Amino acid sequence: MLGLDRKDTILLLVVALMALLAPVLLNPFPVNSPLAQFNAGYPDLMQRFAIFGIFAIGFNILFGLTGYLSFGHAAFLGVGSYSAVWMFKLLGYNVIPAIILSIIVAGLFALLIGWISLRRSGIYFSILTLAFAEMSFRLAYSVLTPLTNGETGLQVYTDDPQILLGDGPHVPHLFGMMMRSSTTIHAGPWEFTLPVGYYVCAVLLLASFYLAIRIFRSPFGMMLRAIKSNQTRMNYTGLSPRPYTLAAFVISGMYAGLAGGLMASMDPLAGAERMQWTASGEVVLMTILGGAGTLIGPILGAGFIKYCENIFSKINEGVLHGWFGGLPDGVENALIWVAEHFVGSGWHLTLGLLFMLVVTFLPGGLVEGGQRIGRFAFRRRDRKASDAESDAAKQRNPAE
Amino acid sequence: MDAIILQILNGLDKGSAYALIALGLTLIFGTLGVVNFAHGALFMIGAFCAVTLQRLFTISYETIDETKTDFLGNPAKVQTPYVESWFGPDVGQAVIDWSVPLAILFAIPIMALVGFAMERGLIKHFYRRPHADQILVTFGLAIVLQELIKHYYGANPIQTPAPDAFRGSFDFGVLLGFDPNHIIYPYWRMIYFAFAAIIVGAVFAFLRFTTFGMVVRAGMADRETVGLLGINIDKRFTIMFALAAVVAGLAGVMYAPINSPNYHMGMDFLVLSFVVVVVGGMGSLPGAVLAGFVLGILESFASMNEIKQIIPGIDQIIIYLVAIIILLTRPRGLMGRRGVMEE
């Protein structure tokens with residue numbers, strides 16, 4: 001279907017189904033139950049799942065396929081956000097022009113940075129991209145204030161031209177469907193919210209995912225893998241890797257721009273902190289955690305990190321007391337003392353630890369973890385079942 | 001002229017910090033071949049050694065002084081640090097006052113231990129992994145260390161003053177024949193620069209003039225052959241890692257009075273130090289030191305008002321701009337060796 005083989009079609013359909021049913025699947029607990037705090041099916045979080053999913057898919061096209069580790073990808077996200085908000089300011093609140101412009105601007109920006117940075121490889125490439133991103137971040141705060149509105153962040157004011165606004169709604173909308181609006185379904189004690197904004201993101205996520213599958217399976221994708229496994233040999237066969245890496249860089253920059261544009265569409269505000277290098281680090285974490293070089297990995301990684309961020313930050317001492325309340329006082333206090341480091345504002349500590357563990361023991365990320373469990377459970381099944389996905393995971397460590 | 005001298009002086013202290021961190025990074029990279037993203041965290045831990053020692057010295061007990069009352073009319077409570085009651089008020093005050101310099105002694109064993117534990121516990125498993133993996137795992141470690149410090153010391157910067165004797169500034173201009181108060185330079189920054197120079201000199205002398213240093217240099221050039229000669233090069237490299245951690249830590253201890261330590265200072269310096277290392281040339285120790293000072297001074301020049309008027313915003317981006325230009329025109333950096341990090 002759609003030029004995909006059977007396995008990829010199934011993968012795409014599974015992702016599509018999950019994206020479609022996310023508001024239901026992510027709300028497994030009734031509203032008033034004590035477990036309701038683990039529900040993730042509210043608009044803001046689901047949108048973040050989809051947006052960061054897109055961001056990570058794009059990053060994976062560069063890092064997973066070519067092995068070029070960019071530490072400045074957040075710059076494209078930031079640029080995308082700014083362009084989207086500018087579209088809101090100049091044209092009006094329809095998200096379509098905003099998203100299109102953010103993709104184009106981020107693509108051009110990526111073309112410029114990639115054209116320079118890709119002259120070098122390895123850690124030099126990482127440092128160059130990092131340097132460009134930090135430059136953009138700092139300039140956005142200082143000299144480019146007329147464009148970015150500095151520390152206040154770019155936002156829409158009532159005296160902006162907005163020439164196409166007409167009598168449309170004064171919030172981001174898609175031909176009249178407001179991003180913030182949602183339908184709530186009550187089913188017994190459960191409550192499911194179906195937000196418009198999320199479904200816009202989800203549709204784009206699916207489109208991005210489909211495109212990524214096509215890139216992975218195309219001759220172009222094969223070429224990118226060749227660059228990762230042995231660039232010298234590729235040179236010897238008379239192929240210049242530069243156009244391919246540059247194309248991959250620009251594509252992943254456009255994905256980031258799309259994510260940035262969507263972020264601004266959900267909440268018409270753009271700040272420079274989206275470009276900071278910690279934000280670049282975050283997308284690296286997501287991709288690695290999910291499994292770099294695999295198709296589904298980045299989405300899993302993005303979802304996992306955003307979900308844990310949300311849940312872990314919510315847990316506080318009171319919740320912990322509730323959990324460990326049945327234990328003897330000494331044990332309870334000791335457990336809480338330990339657990340306190342990892343929850344609430346200590347969530348980053350958990351993230352750092354998790355990340356170290358994954359890189360050390362599970363370089364293929366969650367996908368590899370799943371495959372190992374699968375292999376353990378179905379050891380008697382055909383070995384061939386471990387397929388191209390695991391091959392891709394193995395390519396993380398090319399023959400040296 | 002005086003403005004130029006002033007900017008050079010201003011650049012020296014930041015340049016010293018860059019140079020010291022970059023030196024440690026290069027030592028680690030040159031010996032173990034590991035890209036250590038947690039090096040900024042070591043710098044930060046060093047600064048927090050100073051904070052910790054200051055806090056230890058000022059641990060106090062409370063007594064009630066009947067002769068005074070507080071604003072509510074109750075008898076005033078007086079905090080007396082233990083060091084004051086042990087050594088007498090004068091010595092005690094002096095010890096507290098000098099807590100930052102004393103923290104050097106305190107930080108050396110701690111940093112060596114941290115470095116040793118880091119190398120044996122984590123880095124050793126990453127010798128043969130791709131550089132990307134090394135970057136990622138040390139990045140994770142940096143987050144962990146940073147968050148632990150944040151958990152125990154809070155998110156706000158902590159004032160760690162220099163000893164009273166070094167407060168105030170030195171009138172440098174008089175020395176060179178300018179008017180008084182034209183070129184003034186804080187004492188502590190002078191000390192920081194001198195300290196950095198001593199550390200850099202000591203590291204170079206250690207590598208150049210001792211047998212241990214000779215073996216390490218040989219190991220940097222050809223690890224395998226040195227290993228085949230029956231020398232336990234891994235052990236020596238571990239010691240070099242600990243040394244690099246100590247250098248970064250001491251840079252942090254002495255930096256504490258210049259910039260109050262906070263938990264993310266390591267990350268702030270790390271990014272810049274990496275740029276410094278790359279500009280200097282990956283794996284070149286003199287290059288790292290040179291680039292550290294050059295970039296520090298360039299940064300302070302770029303923050304002059306005259307220059308900012310010509311090119312607005314240049315002070316924010318000068319280091320990155322220089323790095324980009326250097327990387328594109330001299331791919332090996334200022335003093336990079338052939339064959340290092342070239343796939």
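Me: What do β1(B) and β2(B) form, and how many residues lie between them?

Reply: They form a hairpin, with five residues between the two strands. Keep in mind that this is a predicted model. In the turn, Gly73(B) has a positive phi of about 90 degrees. The strands themselves, β1 (residues 60–69) and β2 (residues 75–81) of chain B, run antiparallel and are joined by seven bridges. If you want a pair to look at, find Glu62(B), which stands opposite Gln79(B) in β2(B).

Me: How many helices and strands does chain A have?

Reply: Chain A has 17 helices and six strands. For its overall form, look at the radius of gyration: a compact globule with 400 residues would have one near 21 Å, and the 22 Å of chain A agrees with that. Along the principal axes, its C-alpha atoms fill a box of roughly 70 × 65 × 45 Å. Buried residues make up 46% of the chain.

Me: And what does the secondary structure of chain B come to?

Reply: That chain comes to 15 helices and four strands. Its radius of gyration is 22 Å, close to the 20 Å that the globule rule gives for 343 residues, so chain B is as compact as a globular protein of that length. The C-alpha trace of chain B spans about 75 × 50 × 35 Å along its principal axes, and 48% of its residues are buried.

Me: How many residues does the contact take from each chain?

Reply: It takes 36 residues from chain A and 33 residues from chain B. On the chain B side, α6 (131–153), α12 (265–280) and α15 (314–329) each supply at least two residues. The most comes from α6(B), with 14 residues. Sorted by class, this side of chain B has 24 nonpolar, six polar and three charged residues.

Me: How many residues are in the largest nonpolar core?

Reply: In soluble globular proteins, nonpolar side chains tend to be buried together. In this model, the largest nonpolar core has 221 residues, and those with the most contacts inside it include Phe55(A), Leu23(B) and Val275(B). Helix α11 (residues 233–255) of chain B gives the most to this core, with 16 residues.

Me: Why is α10(A) said to be largely enclosed by the rest of the structure?

Reply: Count the buried residues: 21 of the 25 in α10(A) are buried, so the helix is largely enclosed. At 1.5 Å a residue, helix α10 (residues 242–266) of chain A should span 36 Å, and its end C-alpha atoms are 36 Å apart, which agrees.

Me: Where is Leu354(A) found?

Reply: Look in helix α15 (residues 347–361) of chain A. Leu354(A) counts as partly exposed because it has 19 C-beta neighbours inside 10 Å, while a buried residue needs 20 or more. Its C-alpha atom is separated by 9.9 Å from that of Leu285(A), 69 residues apart along the chain.

Key. Residues are numbered from 1 along each chain as its sequence is written. Chains are lettered from A and ligands numbered from 1 in the order in which they are written. This is a predicted model: local features need pLDDT of at least 70, side-chain atom pairs count only at pLDDT 80 or more; totals for chains, interfaces and linings use all residues. Two strands pair if DSSP finds at least two bridges between them. Two residues are in contact if their C-beta atoms, placed from the backbone, lie within 7 Å. Ala, Val, Leu, Ile, Met, Phe, Trp, Tyr, Cys and Pro count as nonpolar, Asp, Glu, Lys and Arg as charged, and the others, Gly among them, as polar. A nonpolar core is a set of buried Ala, Val, Leu, Ile, Met, Phe, Trp, Tyr and Cys residues joined through C-beta atoms within 7 Å. A residue is buried if 20 or more other C-beta atoms lie within 10 Å of its own, exposed if 12 or fewer, and partly exposed in between; C-beta atoms are placed from the backbone. The expected span of a helix is 1.5 Å times one less than its number of residues. The radius of gyration is taken over C-alpha atoms; the globule rule is 2.2 Å times the number of residues to the power 0.38.
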